[in-house]
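Subject: Handover of a structure and notes on its contents

Dear colleague,

Please find below the structure that I am handing over to you. My notes on what was found in it follow directly after.

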Amino acid sequence: SAAALSMARPGAAPPRLRRRAWRGGARLSRAGPPRASSDPSPAPSADGHDEGFTPEIVVVGLGPGDPTQITMKAWDVLTSPGARVHVRTARHPTLEGLPPHVALTTFDHVYESTKMLQDVYPAIAEELLTIAETVARTSVADVPGASREAGDAFSSFVLEDGDDEVVVRKDERQRRIVYAVPGDPCVAENSVKLLRQMASARGVKVTVVPGVSFLEPTLAALKTDVMPSLCVVDAIDVATAGHAVGMSVDAPTLLCQLYSKAVASDVKLTLMQQFPSEHPVTLVHAAGTAEEKTETVPLHSLDADTGGDIDILTSAFVPAVAGDKYGDEKGSVESLLDAIARARRGDVAGETEPGKKSVSDDDDDDDEAESDGYDETYFGGFGDDDGESVWLSLDHADGEAYKFLRDAGEAAASAAERDADADVRKKTLGDLLAAVALHVAMASEAGEFTMRDVVLEAARDVRKRTISRDDSVVRE
(Lines give C-alpha, C1' and ligand atoms only; values in the text may rest on other atoms or scores of the structure.)
Protein backbone atom coordinates (compact mmCIF):
# COMPACT_ATOMS: atom_id res chain seq x y z
CA SER A 1 0.00 0.00 0.00
CA ALA A 2 1.06 3.60 -0.36
CA ALA A 3 1.53 6.01 2.48
CA ALA A 4 1.74 9.58 1.24
CA LEU A 5 2.34 13.06 2.58
CA SER A 6 1.53 15.74 0.04
CA MET A 7 3.50 18.95 -0.61
CA ALA A 8 6.24 18.36 1.97
CA ARG A 9 8.00 21.59 3.00
CA PRO A 10 11.79 21.93 2.61
CA GLY A 11 13.55 21.24 5.91
CA ALA A 12 10.51 19.59 7.41
CA ALA A 13 10.92 16.47 9.51
CA PRO A 14 10.67 13.19 7.55
CA PRO A 15 7.11 11.89 7.31
CA ARG A 16 5.93 9.26 9.73
CA LEU A 17 5.49 6.17 7.58
CA ARG A 18 3.41 3.18 8.56
CA ARG A 19 3.12 0.02 6.54
CA ARG A 20 -0.44 -1.26 6.30
CA ALA A 21 -1.34 -4.90 5.75
CA TRP A 22 -4.29 -5.33 3.38
CA ARG A 23 -6.23 -8.52 2.93
CA GLY A 24 -7.65 -9.34 -0.46
CA GLY A 25 -7.82 -6.71 -3.15
CA ALA A 26 -8.77 -3.07 -3.05
CA ARG A 27 -9.80 -1.37 0.19
CA LEU A 28 -13.56 -1.01 0.61
CA SER A 29 -15.56 1.56 2.52
CA ARG A 30 -19.15 2.71 2.53
CA ALA A 31 -20.24 5.92 0.94
CA GLY A 32 -21.55 8.67 3.14
CA PRO A 33 -22.31 12.38 3.02
CA PRO A 34 -19.22 14.28 1.84
CA ARG A 35 -17.40 16.00 4.68
CA ALA A 36 -16.82 19.69 4.27
CA SER A 37 -13.20 20.78 4.23
CA SER A 38 -11.97 23.05 7.02
CA ASP A 39 -9.67 24.80 4.56
CA PRO A 40 -10.97 27.87 2.75
CA SER A 41 -12.30 27.11 -0.71
CA PRO A 42 -11.94 29.36 -3.72
CA ALA A 43 -14.90 31.50 -4.57
CA PRO A 44 -17.40 29.83 -6.89
CA SER A 45 -17.78 31.04 -10.44
CA ALA A 46 -20.98 32.27 -12.04
CA ASP A 47 -22.04 28.71 -12.94
CA GLY A 48 -21.76 27.60 -9.31
CA HIS A 49 -18.46 25.75 -9.76
CA ASP A 50 -14.98 26.77 -8.67
CA GLU A 51 -13.09 28.70 -11.31
CA GLY A 52 -11.59 26.39 -13.89
CA PHE A 53 -12.90 23.16 -12.34
CA THR A 54 -16.04 21.50 -13.66
CA PRO A 55 -17.27 18.56 -11.54
CA GLU A 56 -16.60 15.35 -13.42
CA ILE A 57 -17.63 11.73 -12.95
CA VAL A 58 -15.78 9.09 -14.97
CA VAL A 59 -17.92 5.98 -15.35
CA VAL A 60 -16.04 2.75 -16.01
CA GLY A 61 -17.20 -0.79 -16.68
CA LEU A 62 -15.88 -3.59 -14.51
CA GLY A 63 -16.68 -6.29 -17.02
CA PRO A 64 -18.81 -9.40 -16.40
CA GLY A 65 -16.84 -10.64 -13.37
CA ASP A 66 -13.47 -12.00 -14.46
CA PRO A 67 -10.70 -9.47 -13.65
CA THR A 68 -8.91 -10.45 -16.88
CA GLN A 69 -11.87 -9.11 -18.91
CA ILE A 70 -11.59 -5.51 -17.73
CA THR A 71 -10.37 -3.14 -20.46
CA MET A 72 -6.92 -1.55 -20.26
CA LYS A 73 -8.38 1.95 -20.25
CA ALA A 74 -10.76 1.14 -17.39
CA TRP A 75 -7.86 -0.43 -15.49
CA ASP A 76 -5.77 2.73 -15.89
CA VAL A 77 -8.61 4.91 -14.59
CA LEU A 78 -9.27 2.67 -11.61
CA THR A 79 -5.64 2.23 -10.59
CA SER A 80 -4.36 5.76 -11.21
CA PRO A 81 -2.74 7.21 -8.06
CA GLY A 82 -5.17 9.10 -5.89
CA ALA A 83 -8.25 7.92 -7.81
CA ARG A 84 -11.48 8.45 -5.90
CA VAL A 85 -13.32 5.26 -6.86
CA HIS A 86 -16.98 4.62 -6.02
CA VAL A 87 -18.56 1.27 -6.91
CA ARG A 88 -22.26 0.60 -7.26
CA THR A 89 -21.84 -2.62 -5.33
CA ALA A 90 -18.92 -4.42 -3.70
CA ARG A 91 -20.44 -7.74 -4.73
CA HIS A 92 -18.44 -8.06 -7.92
CA PRO A 93 -15.51 -10.45 -8.46
CA THR A 94 -13.50 -7.99 -10.57
CA LEU A 95 -12.85 -5.84 -7.51
CA GLU A 96 -10.82 -8.62 -5.92
CA GLY A 97 -8.35 -8.38 -8.78
CA LEU A 98 -7.59 -4.68 -8.32
CA PRO A 99 -4.26 -3.64 -6.72
CA PRO A 100 -4.30 -3.13 -2.92
CA HIS A 101 -3.64 0.61 -3.16
CA VAL A 102 -7.04 1.24 -4.80
CA ALA A 103 -9.48 2.55 -2.21
CA LEU A 104 -13.13 1.88 -3.02
CA THR A 105 -16.34 3.36 -1.67
CA THR A 106 -19.43 1.21 -2.09
CA PHE A 107 -23.10 2.09 -2.41
CA ASP A 108 -24.37 -1.21 -1.03
CA HIS A 109 -25.86 0.68 1.90
CA VAL A 110 -28.32 2.31 -0.53
CA TYR A 111 -29.69 -1.10 -1.52
CA GLU A 112 -30.03 -2.03 2.16
CA SER A 113 -31.63 1.21 3.37
CA THR A 114 -33.94 2.08 0.45
CA LYS A 115 -37.45 0.72 0.88
CA MET A 116 -38.57 0.99 -2.75
CA LEU A 117 -36.49 -0.63 -5.51
CA GLN A 118 -37.22 2.21 -7.93
CA ASP A 119 -35.58 4.66 -5.51
CA VAL A 120 -32.18 2.91 -5.46
CA TYR A 121 -30.67 4.40 -8.62
CA PRO A 122 -31.90 7.98 -8.01
CA ALA A 123 -30.36 7.85 -4.52
CA ILE A 124 -27.02 6.63 -5.89
CA ALA A 125 -27.00 9.26 -8.65
CA GLU A 126 -27.81 12.06 -6.21
CA GLU A 127 -25.01 11.00 -3.87
CA LEU A 128 -22.52 10.74 -6.74
CA LEU A 129 -23.36 14.22 -7.99
CA THR A 130 -23.02 15.70 -4.52
CA ILE A 131 -19.64 14.05 -4.05
CA ALA A 132 -18.43 15.22 -7.47
CA GLU A 133 -19.46 18.80 -6.73
CA THR A 134 -17.78 18.69 -3.33
CA VAL A 135 -14.55 17.26 -4.79
CA ALA A 136 -14.42 19.96 -7.48
CA ARG A 137 -15.08 22.67 -4.88
CA THR A 138 -12.55 21.49 -2.30
CA SER A 139 -9.80 19.92 -4.41
CA VAL A 140 -7.71 23.11 -4.46
CA ALA A 141 -7.94 23.33 -0.69
CA ASP A 142 -6.89 19.70 -0.16
CA VAL A 143 -3.22 20.69 -0.09
CA PRO A 144 -2.10 24.12 1.22
CA GLY A 145 -0.38 26.13 -1.47
CA ALA A 146 -1.74 24.04 -4.34
CA SER A 147 -1.87 25.56 -7.77
CA ARG A 148 -5.21 26.34 -9.38
CA GLU A 149 -4.07 25.13 -12.78
CA ALA A 150 -6.20 22.26 -14.00
CA GLY A 151 -3.22 20.05 -14.80
CA ASP A 152 -1.02 20.76 -11.79
CA ALA A 153 0.81 18.01 -9.89
CA PHE A 154 1.63 17.37 -6.27
CA SER A 155 4.55 15.55 -4.65
CA SER A 156 4.12 12.51 -2.46
CA PHE A 157 6.40 10.42 -0.30
CA VAL A 158 5.65 6.82 -1.23
CA LEU A 159 6.55 3.56 0.48
CA GLU A 160 5.58 0.62 -1.71
CA ASP A 161 4.74 -2.82 -0.34
CA GLY A 162 7.80 -5.03 0.00
CA ASP A 163 10.19 -2.09 -0.35
CA ASP A 164 11.99 -0.14 2.38
CA GLU A 165 12.99 2.76 0.13
CA VAL A 166 10.93 5.93 0.23
CA VAL A 167 10.58 7.63 -3.14
CA VAL A 168 9.07 10.94 -4.16
CA ARG A 169 6.42 10.71 -6.84
CA LYS A 170 4.60 13.48 -8.69
CA ASP A 171 0.95 12.76 -9.50
CA GLU A 172 -1.76 14.77 -11.16
CA ARG A 173 -4.23 15.83 -8.53
CA GLN A 174 -7.57 13.99 -8.90
CA ARG A 175 -10.34 16.54 -9.28
CA ARG A 176 -12.80 13.99 -10.60
CA ILE A 177 -14.42 10.91 -9.12
CA VAL A 178 -14.73 7.45 -10.64
CA TYR A 179 -17.97 5.46 -10.65
CA ALA A 180 -17.48 1.76 -11.42
CA VAL A 181 -20.39 -0.44 -12.47
CA PRO A 182 -20.65 -4.12 -13.41
CA GLY A 183 -20.30 -4.96 -17.10
CA ASP A 184 -20.47 -2.06 -19.54
CA PRO A 185 -21.85 1.33 -18.41
CA CYS A 186 -24.03 1.58 -21.52
CA VAL A 187 -25.54 -1.91 -21.47
CA ALA A 188 -28.52 -2.46 -19.16
CA GLU A 189 -27.18 -0.02 -16.56
CA ASN A 190 -30.04 2.27 -15.57
CA SER A 191 -28.02 3.95 -12.84
CA VAL A 192 -25.70 5.43 -15.49
CA LYS A 193 -28.61 6.50 -17.69
CA LEU A 194 -30.20 8.29 -14.75
CA LEU A 195 -26.86 9.79 -13.69
CA ARG A 196 -26.40 11.31 -17.14
CA GLN A 197 -29.85 12.85 -17.06
CA MET A 198 -29.40 14.35 -13.61
CA ALA A 199 -25.81 15.47 -14.29
CA SER A 200 -26.85 17.54 -17.28
CA ALA A 201 -29.16 19.65 -15.13
CA ARG A 202 -26.45 20.07 -12.46
CA GLY A 203 -23.63 21.02 -14.84
CA VAL A 204 -21.59 17.93 -13.97
CA LYS A 205 -19.53 16.33 -16.73
CA VAL A 206 -19.97 12.57 -17.20
CA THR A 207 -17.32 10.64 -19.13
CA VAL A 208 -17.96 6.97 -19.96
CA VAL A 209 -15.22 4.36 -20.39
CA PRO A 210 -16.81 1.32 -22.08
CA GLY A 211 -16.23 -2.21 -20.84
CA VAL A 212 -17.16 -5.79 -21.66
CA SER A 213 -20.84 -6.23 -20.86
CA PHE A 214 -22.57 -9.19 -19.27
CA LEU A 215 -24.19 -9.94 -22.64
CA GLU A 216 -21.27 -11.65 -24.34
CA PRO A 217 -20.56 -14.36 -21.72
CA THR A 218 -24.27 -14.76 -20.94
CA LEU A 219 -25.17 -15.40 -24.57
CA ALA A 220 -22.25 -17.81 -24.81
CA ALA A 221 -23.55 -19.70 -21.77
CA LEU A 222 -27.04 -19.82 -23.29
CA LYS A 223 -25.71 -20.82 -26.72
CA THR A 224 -27.90 -18.18 -28.35
CA ASP A 225 -27.63 -14.90 -30.24
CA VAL A 226 -29.13 -11.44 -29.93
CA MET A 227 -30.61 -11.83 -33.38
CA PRO A 228 -33.26 -11.65 -34.56
CA SER A 229 -35.24 -10.07 -31.73
CA LEU A 230 -33.69 -10.49 -28.26
CA CYS A 231 -34.97 -7.93 -25.72
CA VAL A 232 -32.75 -6.86 -22.81
CA VAL A 233 -34.72 -5.61 -19.81
CA ASP A 234 -33.74 -4.56 -16.29
CA ALA A 235 -35.26 -6.99 -13.80
CA ILE A 236 -35.95 -4.13 -11.39
CA ASP A 237 -38.21 -2.47 -13.98
CA VAL A 238 -40.16 -5.72 -14.36
CA ALA A 239 -40.28 -6.29 -10.59
CA THR A 240 -41.89 -2.89 -9.99
CA ALA A 241 -44.33 -3.08 -12.92
CA GLY A 242 -47.86 -4.41 -13.09
CA HIS A 243 -47.20 -5.55 -16.66
CA ALA A 244 -43.73 -6.11 -18.13
CA VAL A 245 -43.59 -3.23 -20.61
CA GLY A 246 -40.88 -3.91 -23.18
CA MET A 247 -41.32 -7.67 -23.05
CA SER A 248 -43.29 -9.65 -25.60
CA VAL A 249 -44.48 -13.24 -25.50
CA ASP A 250 -43.33 -13.48 -29.13
CA ALA A 251 -39.68 -12.54 -28.54
CA PRO A 252 -36.97 -13.87 -26.21
CA THR A 253 -35.97 -11.62 -23.31
CA LEU A 254 -32.86 -11.41 -21.15
CA LEU A 255 -33.54 -10.01 -17.69
CA CYS A 256 -30.42 -8.55 -16.13
CA GLN A 257 -29.65 -7.66 -12.50
CA LEU A 258 -31.89 -10.29 -10.97
CA TYR A 259 -29.82 -9.76 -7.84
CA SER A 260 -31.97 -11.22 -5.04
CA LYS A 261 -34.77 -13.65 -4.26
CA ALA A 262 -37.02 -10.70 -3.47
CA VAL A 263 -36.51 -9.24 -6.96
CA ALA A 264 -36.96 -12.69 -8.51
CA SER A 265 -40.24 -13.13 -6.64
CA ASP A 266 -41.62 -9.80 -7.86
CA VAL A 267 -40.45 -10.55 -11.41
CA LYS A 268 -42.21 -13.91 -11.29
CA LEU A 269 -45.52 -12.35 -10.21
CA THR A 270 -45.34 -9.78 -13.01
CA LEU A 271 -44.42 -12.28 -15.74
CA MET A 272 -47.15 -14.72 -14.72
CA GLN A 273 -49.62 -12.07 -15.95
CA GLN A 274 -48.21 -12.61 -19.46
CA PHE A 275 -46.60 -16.05 -19.61
CA PRO A 276 -47.82 -19.55 -18.68
CA SER A 277 -46.80 -20.53 -15.14
CA GLU A 278 -44.91 -23.55 -16.52
CA HIS A 279 -42.99 -21.48 -19.06
CA PRO A 280 -39.27 -22.40 -18.88
CA VAL A 281 -36.84 -19.74 -17.68
CA THR A 282 -33.06 -20.23 -17.71
CA LEU A 283 -31.06 -18.61 -14.92
CA VAL A 284 -27.44 -17.75 -15.68
CA HIS A 285 -25.18 -17.18 -12.66
CA ALA A 286 -21.71 -15.58 -12.76
CA ALA A 287 -21.43 -15.72 -16.56
CA GLY A 288 -17.87 -15.56 -17.82
CA THR A 289 -16.29 -16.56 -14.50
CA ALA A 290 -15.04 -19.84 -13.09
CA GLU A 291 -18.29 -20.07 -11.08
CA GLU A 292 -20.56 -19.84 -14.15
CA LYS A 293 -23.73 -21.90 -13.78
CA THR A 294 -26.99 -22.26 -15.70
CA GLU A 295 -30.27 -23.82 -14.59
CA THR A 296 -33.70 -23.99 -16.22
CA VAL A 297 -36.78 -23.74 -14.00
CA PRO A 298 -40.51 -23.21 -14.59
CA LEU A 299 -41.59 -19.61 -14.22
CA HIS A 300 -43.53 -20.31 -11.02
CA SER A 301 -40.26 -21.49 -9.39
CA LEU A 302 -38.13 -18.56 -10.52
CA ASP A 303 -37.53 -17.43 -6.94
CA ALA A 304 -37.00 -20.89 -5.41
CA ASP A 305 -33.19 -20.52 -5.50
CA THR A 306 -32.62 -23.87 -3.84
CA GLY A 307 -28.86 -23.59 -4.39
CA GLY A 308 -28.56 -20.04 -3.08
CA ASP A 309 -27.05 -18.88 -6.39
CA ILE A 310 -29.08 -15.74 -7.10
CA ASP A 311 -26.91 -12.66 -6.66
CA ILE A 312 -25.73 -9.53 -8.45
CA LEU A 313 -24.32 -11.64 -11.32
CA THR A 314 -27.59 -13.46 -12.08
CA SER A 315 -29.57 -13.00 -15.30
CA ALA A 316 -32.72 -14.76 -16.50
CA PHE A 317 -33.44 -15.80 -20.09
CA VAL A 318 -37.15 -15.94 -20.95
CA PRO A 319 -37.72 -17.59 -24.36
CA ALA A 320 -40.62 -16.72 -26.62
CA VAL A 321 -43.83 -18.68 -26.03
CA ALA A 322 -44.11 -21.41 -28.65
CA GLY A 323 -45.14 -25.03 -29.02
CA ASP A 324 -48.33 -24.79 -26.93
CA LYS A 325 -51.83 -25.59 -28.19
CA TYR A 326 -51.62 -22.67 -30.61
CA GLY A 327 -48.51 -24.08 -32.29
CA ASP A 328 -46.32 -21.39 -33.81
CA GLU A 329 -48.98 -18.67 -33.76
CA LYS A 330 -47.95 -15.39 -32.18
CA GLY A 331 -49.71 -13.85 -29.23
CA SER A 332 -48.77 -10.15 -29.02
CA VAL A 333 -50.73 -7.11 -30.17
CA GLU A 334 -47.94 -6.39 -32.66
CA SER A 335 -48.45 -9.86 -34.13
CA LEU A 336 -52.17 -9.19 -34.44
CA LEU A 337 -51.52 -5.96 -36.32
CA ASP A 338 -49.06 -7.80 -38.56
CA ALA A 339 -51.65 -10.52 -39.28
CA ILE A 340 -54.24 -7.91 -40.24
CA ALA A 341 -51.77 -6.07 -42.46
CA ARG A 342 -50.98 -9.33 -44.23
CA ALA A 343 -54.68 -10.17 -44.59
CA ARG A 344 -55.33 -6.74 -46.10
CA ARG A 345 -52.78 -7.45 -48.83
CA GLY A 346 -53.78 -11.10 -49.31
CA ASP A 347 -50.66 -12.37 -47.54
CA VAL A 348 -51.89 -14.45 -44.60
CA ALA A 349 -49.33 -17.15 -45.33
CA GLY A 350 -46.45 -14.70 -44.99
CA GLU A 351 -45.58 -13.64 -48.52
CA THR A 352 -47.55 -11.79 -51.14
CA GLU A 353 -47.97 -13.93 -54.22
CA PRO A 354 -47.01 -12.41 -57.58
CA GLY A 355 -49.87 -10.40 -59.06
CA LYS A 356 -51.69 -9.88 -55.72
CA LYS A 357 -53.41 -6.55 -55.25
CA SER A 358 -53.05 -4.45 -52.13
CA VAL A 359 -55.76 -2.21 -50.72
CA SER A 360 -53.28 0.62 -51.10
CA ASP A 361 -53.08 0.05 -54.87
CA ASP A 362 -54.72 2.47 -57.32
CA ASP A 363 -58.36 2.82 -56.23
CA ASP A 364 -59.36 3.74 -59.77
CA ASP A 365 -58.47 0.27 -61.05
CA ASP A 366 -61.69 -1.46 -62.12
CA ASP A 367 -60.37 -4.88 -61.13
CA GLU A 368 -61.52 -6.06 -57.75
CA ALA A 369 -58.86 -6.98 -55.22
CA GLU A 370 -58.16 -10.66 -55.34
CA SER A 371 -59.18 -12.57 -52.23
CA ASP A 372 -57.20 -15.73 -52.85
CA GLY A 373 -54.54 -16.48 -50.22
CA TYR A 374 -56.42 -15.40 -47.10
CA ASP A 375 -58.91 -17.26 -45.01
CA GLU A 376 -62.49 -15.99 -45.30
CA THR A 377 -63.12 -17.16 -41.74
CA TYR A 378 -60.11 -15.35 -40.40
CA PHE A 379 -60.82 -13.97 -36.90
CA GLY A 380 -64.41 -15.11 -36.70
CA GLY A 381 -65.26 -15.23 -40.40
CA PHE A 382 -66.92 -11.84 -40.80
CA GLY A 383 -67.56 -11.16 -44.49
CA ASP A 384 -70.26 -9.92 -46.85
CA ASP A 385 -72.66 -11.99 -48.92
CA ASP A 386 -70.35 -11.92 -51.93
CA GLY A 387 -67.55 -13.52 -49.94
CA GLU A 388 -65.46 -10.34 -49.79
CA SER A 389 -63.50 -10.40 -46.54
CA VAL A 390 -63.99 -7.65 -44.01
CA TRP A 391 -60.21 -7.36 -43.83
CA LEU A 392 -60.19 -5.67 -47.25
CA SER A 393 -62.49 -2.83 -46.13
CA LEU A 394 -61.15 0.50 -47.32
CA ASP A 395 -62.72 2.74 -44.69
CA HIS A 396 -64.02 2.54 -41.13
CA ALA A 397 -67.48 3.56 -42.37
CA ASP A 398 -67.74 0.64 -44.79
CA GLY A 399 -70.73 -1.48 -43.96
CA GLU A 400 -68.86 -4.67 -43.12
CA ALA A 401 -66.21 -2.82 -41.10
CA TYR A 402 -68.53 -1.00 -38.71
CA LYS A 403 -70.85 -4.01 -38.43
CA PHE A 404 -67.87 -6.15 -37.47
CA LEU A 405 -66.93 -3.72 -34.69
CA ARG A 406 -70.54 -3.38 -33.48
CA ASP A 407 -71.34 -7.10 -33.54
CA ALA A 408 -68.05 -8.09 -31.91
CA GLY A 409 -68.58 -5.58 -29.12
CA GLU A 410 -72.14 -6.73 -28.49
CA ALA A 411 -71.08 -10.39 -28.45
CA ALA A 412 -68.30 -9.72 -25.93
CA ALA A 413 -70.64 -7.72 -23.69
CA SER A 414 -73.31 -10.41 -23.90
CA ALA A 415 -70.83 -13.13 -22.95
CA ALA A 416 -69.73 -11.16 -19.90
CA GLU A 417 -73.31 -10.34 -18.90
CA ARG A 418 -74.49 -13.94 -18.96
CA ASP A 419 -71.30 -15.16 -17.26
CA ALA A 420 -70.31 -17.39 -20.17
CA ASP A 421 -67.48 -19.84 -19.67
CA ALA A 422 -63.89 -18.73 -20.16
CA ASP A 423 -63.51 -20.12 -23.68
CA VAL A 424 -66.55 -18.20 -24.92
CA ARG A 425 -65.43 -14.95 -23.30
CA LYS A 426 -61.92 -15.44 -24.67
CA LYS A 427 -63.29 -16.00 -28.19
CA THR A 428 -65.63 -12.99 -28.16
CA LEU A 429 -62.97 -10.70 -26.70
CA GLY A 430 -60.59 -11.95 -29.39
CA ASP A 431 -63.09 -11.00 -32.09
CA LEU A 432 -63.52 -7.58 -30.50
CA LEU A 433 -59.76 -7.02 -30.33
CA ALA A 434 -59.47 -8.04 -33.98
CA ALA A 435 -62.19 -5.55 -34.92
CA VAL A 436 -60.45 -2.77 -32.98
CA ALA A 437 -57.12 -3.64 -34.59
CA LEU A 438 -58.73 -3.58 -38.06
CA HIS A 439 -60.11 -0.09 -37.50
CA VAL A 440 -56.73 1.06 -36.16
CA ALA A 441 -55.04 -0.39 -39.27
CA MET A 442 -57.39 1.53 -41.55
CA ALA A 443 -56.84 4.74 -39.58
CA SER A 444 -53.08 4.23 -39.72
CA GLU A 445 -53.20 3.75 -43.50
CA ALA A 446 -55.17 7.00 -43.77
CA GLY A 447 -52.63 8.84 -41.60
CA GLU A 448 -55.17 9.52 -38.84
CA PHE A 449 -53.79 7.65 -35.79
CA THR A 450 -51.95 4.49 -34.80
CA MET A 451 -52.33 1.80 -32.16
CA ARG A 452 -50.03 3.80 -29.89
CA ASP A 453 -52.48 6.72 -29.95
CA VAL A 454 -55.36 4.39 -29.08
CA VAL A 455 -53.41 2.82 -26.21
CA LEU A 456 -52.52 6.28 -24.87
CA GLU A 457 -56.20 7.24 -24.87
CA ALA A 458 -57.05 4.00 -23.04
CA ALA A 459 -54.34 4.61 -20.44
CA ARG A 460 -55.51 8.18 -19.90
CA ASP A 461 -59.04 6.90 -19.36
CA VAL A 462 -57.81 4.39 -16.78
CA ARG A 463 -55.89 7.08 -14.91
CA LYS A 464 -58.83 9.49 -15.08
CA ARG A 465 -61.23 6.93 -13.69
CA THR A 466 -58.75 5.94 -10.99
CA ILE A 467 -58.29 9.56 -9.92
CA SER A 468 -62.05 10.11 -9.89
CA ARG A 469 -62.55 7.02 -7.75
CA ASP A 470 -59.83 8.12 -5.31
CA ASP A 471 -61.39 11.61 -5.05
CA SER A 472 -64.76 10.04 -4.30
CA VAL A 473 -63.25 7.95 -1.51
CA VAL A 474 -61.61 11.05 -0.03
CA ARG A 475 -64.88 13.02 -0.15
CA GLU A 476 -66.74 10.20 1.54
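Which residues does T79 touch, not counting residues up to four places away in sequence? They are P99, H101 and V102. T79 itself lies in helix 1, which covers residues 72-79. The relative accessible area of T79 is 14%, and because the cut-off for a buried residue is under 20%, T79 counts as buried.

Before going further, please note that this is a predicted model.

The protein as a whole

The protein contains 11 helices and 13 strands. Of its 476 residues, 40% are buried.

An open sheet is formed by 5 strands, in the order 9-10-13-11-12, and the pairing in it is mixed. Which strands stand at the edges? They are strand 9 (231-234) and strand 12, and each has a single partner strand, so one side of each is left without a neighbour in the sheet. From one strand to the next, the twist averages 25°.

With strand 12 (residues 293-298) it runs antiparallel, and 6 bridges join the two. Within that pairing, P280 has P298 of strand 12 as its bridge partner. Strand 11 also runs antiparallel to strand 13 (residues 314-318), to which 4 bridges join it. Here H285 stands opposite T314 in strand 13.

The packing of helix 10

Helix 10 (residues 422-445) packs with helix 8 (residues 333-344), and helix 9 (residues 399-417) packs with helix 10 too.

Helix 8 and helix 10 meet at an angle of about 65°, and their axes are 10 Å apart. This angle makes helix 8 roughly perpendicular to helix 10. Their crossing is right-handed. On the side of helix 8, the contact involves L336, L337, I340 and R344, while helix 10 contributes L433, A434, A437, L438, A441, M442 and E445. By type, the residues of this contact are 9 nonpolar, no polar and 2 charged.

For helix 9 and helix 10, the angle is about 150° and the axes are 8 Å apart. The two helices are therefore roughly antiparallel to each other. The crossing of helix 9 with helix 10 is left-handed. Among the residues of helix 9 that make the contact are F404, L405, A408 and A412, and those of helix 10 include T428, L432, A435 and H439. The residues of this contact divide into 17 nonpolar, 3 polar and 2 charged.

Which residues of helix 10 meet helix 8? A434, L438 and M442 are among them, and A434, L438 and M442 also take part in the contact with helix 9.

With kind regards

Note on methods:
Residues are numbered from 1 along each chain as its sequence is written. This is a predicted model: local features need pLDDT of at least 70, side-chain atom pairs count only at pLDDT 80 or more; totals for chains, interfaces and linings use all residues. Side-chain values use heavy atoms; hydrogens and water are left out. Axes are lines fitted to C-alpha atoms, for helices over the stretch in contact, and angles run from 0 to 180 degrees between N-to-C directions. Angles under 35 degrees count as roughly parallel, over 145 as roughly antiparallel, 65 to 115 as roughly perpendicular and the rest as oblique. A crossing is left-handed if the near helix is turned anticlockwise from the far one by less than a right angle, and right-handed if clockwise. Contact means heavy atoms within 4.5 Å. Ala, Val, Leu, Ile, Met, Phe, Trp, Tyr, Cys and Pro count as nonpolar, Asp, Glu, Lys and Arg as charged, and the others, Gly among them, as polar. Two strands pair if DSSP finds at least two bridges between them. Buried means under 20% relative accessible area, exposed over 50%, partly exposed in between (1.4 Å probe, protein chains only).
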